[in-house]
Amino acid sequence: MKPDNLVDAEIDELPAAEPTLVGSRRGLVYLGLCLVLIGLNLRTVFSSFSAVLPEVTSQAALPGWAVVVLTTVPVTLLGMFAPLAPVLARRFGAERVLLGAMAVLTAGLLLRPATLPWPPAGDLPGAVHLPALLAGTAACGAAIALCNVLLPGLVKRDFPRRLGLMGGLYTTAICASAALGAGFTYPVYTATGEWTLALWLWALPAAVVLFLFLPLAVRQRPVRHQAVKEGVNVWRSAVAWQVTIFMVLQAMMSFSVFAWLAPILRERGVDGATAGLIVSACIVLQMLGSLFAPALAARFRDQRAINTVVALMTGGGFALSIFGPLELIWVWAGLLGLGQGSLTAVALTMIMLRTRDGHTAAHLSGMMQGVGYGLGSTGTLMVGQLHQATGSFTAAGVLFLAVGLLAAVFGYRAGRNRFVGDPTG
């Protein structure tokens, strides 16, 4: 996403939210570091779990339904808790809500690998680990949802003269967090022989950021704000729904990459360490796509062509990673990475390109995140269910060919030069 396209979730507040109190230029640099480090913790929960999914499934004796739930719940919660972020920010301030979210994220990452016997299900497989896995994963999903919504606004509000630098660092950090989780979790498991230690590792950077951000957040003076609704009703706009469905379809593929690409590669015979490297390389290429695609999209009068191309690249790359020739797996993963990074970025860029003011953009962003992540989680759900039903990921490859085609259709429609709130929109 282009840094100057960051959407402020607090734009409807009255009085307007004040910049974070930092006291000096050095304090502003410290705040920027904290925000970037928060971004560096927002995707490890997805990619770290998938990196050791076969080991967790076998050693914790997880039933099949639990694997599906654990890969689906965090994405679902991104949609469910996104609308809550502006409400909490009006009451407590965005900085304190971010602090609370990081505390919940740290607690969730610590809880996730713990053993919590569940007496009513004591005789069921996985009963020792399953309650903690479920509760910890849910806590992480809820916390990340709040951070997803509030972080862009803080970057835009506190660094108006450094949006290019800060926006780039922040968005790169989020992509890097997924790459780190995919690349380092399995080597830690190999070195220790414990999947619990491999997952506990990711609580450490979250805890460090929590304590770094603590003095800044508690220093802020809480101010009661009221919500003032301005802008058009996006829920009645055909353009808004086309953009939102485009977001749903890209989210179905995006989070399925985080959740299932590593297990797909390992089922195809790729060893765990190499699978982690492939997923990391795929995510690094996502970063490249996300840097260049929005600028390219904004140069054109409409975005029909680029939306269609990147959607087909993503669906095709995902399908080929499942049933294409294994000797070309790096090529398929590269195609998927460039396509997915570009697809995610242009879907988010549609927020600014299809609205005429900041208030409407904020409302469209809320609609896209709530519906997009909520329904987008069905992608990970369907992959898990298809794998359980068929015993392979081949059907999932066909699914993502279909999802890619649908994304191309809705991307084409969302890419037309129309605006939310116009008579034709």
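Is Leu-37 buried, partly exposed or exposed? At 21% relative accessibility, Leu-37 counts as partly exposed, where buried means under 20% relative accessible area, exposed over 50%, and partly exposed in between, with a 1.4 Å probe and protein chains only.

Hello everyone, and a word on the ground rules. This is a predicted model, in which local features need pLDDT of at least 70, side-chain atom pairs count only at pLDDT 80 or more, and totals for chains, interfaces and linings use all residues. Residues are numbered from 1 along each chain as its sequence is written, and side-chain values use heavy atoms, with hydrogens and water left out.

Back to Leu-37, then. You will find Leu-37 in helix α1, residues 25–39; helices here are DSSP runs of H or I with at least four residues, strands are runs of E with at least two, and both are numbered from the N terminus. Leaving aside neighbours within four places in sequence, Leu-37 is in contact with Val-209 and Leu-212, contact being heavy atoms within 4.5 Å. The C-alpha atoms of Leu-37 and Tyr-170 are separated by 8.2 Å, with the two residues 133 apart along the chain.

Now please look at Thr-106, in helix α6, residues 94–111. Thr-106 is buried, with a relative accessible area of 7%. Apart from neighbours within four places in sequence, Thr-106 is in contact with Ala-203, Ala-206, Ala-207 and Leu-210.

Next, Gln-340, which sits in helix α14, residues 329–353. Its relative accessible area is 0%, so Gln-340 counts as buried. Which backbone atom does the side chain of Gln-340 reach? That is the backbone nitrogen of Ser-254, at 3.3 Å. For such a polar contact, the pair of N or O atoms must be within 3.5 Å; within protein, one must be able to donate a hydrogen and the other to accept it, and residues adjacent in sequence count only if both atoms are side-chain atoms. Beyond the neighbours within four places in sequence, the contacts of Gln-340 include Gln-250, Met-253, Val-257, Gln-286 and Thr-314.

Helix α14 also holds Leu-338. Leu-338 is partly exposed, with a relative accessible area of 34%. Together with Leu-288, Leu-291 and Phe-292, Leu-338 makes a nonpolar surface patch of about 390 Å². Helix α12, residues 272–298, gives the largest share of that patch, 3 residues.

On to the charged pairs. How many salt bridges are there? The count comes to 2, a salt bridge being a side-chain nitrogen of Lys or Arg within 4 Å of a carboxyl oxygen of Asp or Glu. One joins the side chains of Arg-266 and Glu-55, at 2.5 Å from N to O. This pair links distant parts of the chain, with Arg-266 in helix α11, residues 238–267, and Glu-55 in helix α3, 211 residues apart. Arg-266 is buried at a relative accessible area of 18%, and Glu-55 is buried at 8%. The side chains of Arg-304 and Asp-302 also meet in a salt bridge, at 3.0 Å from N to O. Arg-304 counts as partly exposed, at 28% relative accessibility.

One last stop, at Ala-61. Ala-61 has a positive phi of about 50 degrees, although it is not a glycine. Ala-61 lies in the loop between α3 (53–59) and α4 (64–81), and is partly exposed, with a relative accessible area of 34%.

Definitions and conventions
Patch = residues over 30% accessible without salt bridge, like charges linked within 9 Å, V, L, I, M, F, W, Y side chains within 5 Å. Areas by Shrake-Rupley, 256 points an atom, 1.4 Å probe, with all protein chains shown as cover.
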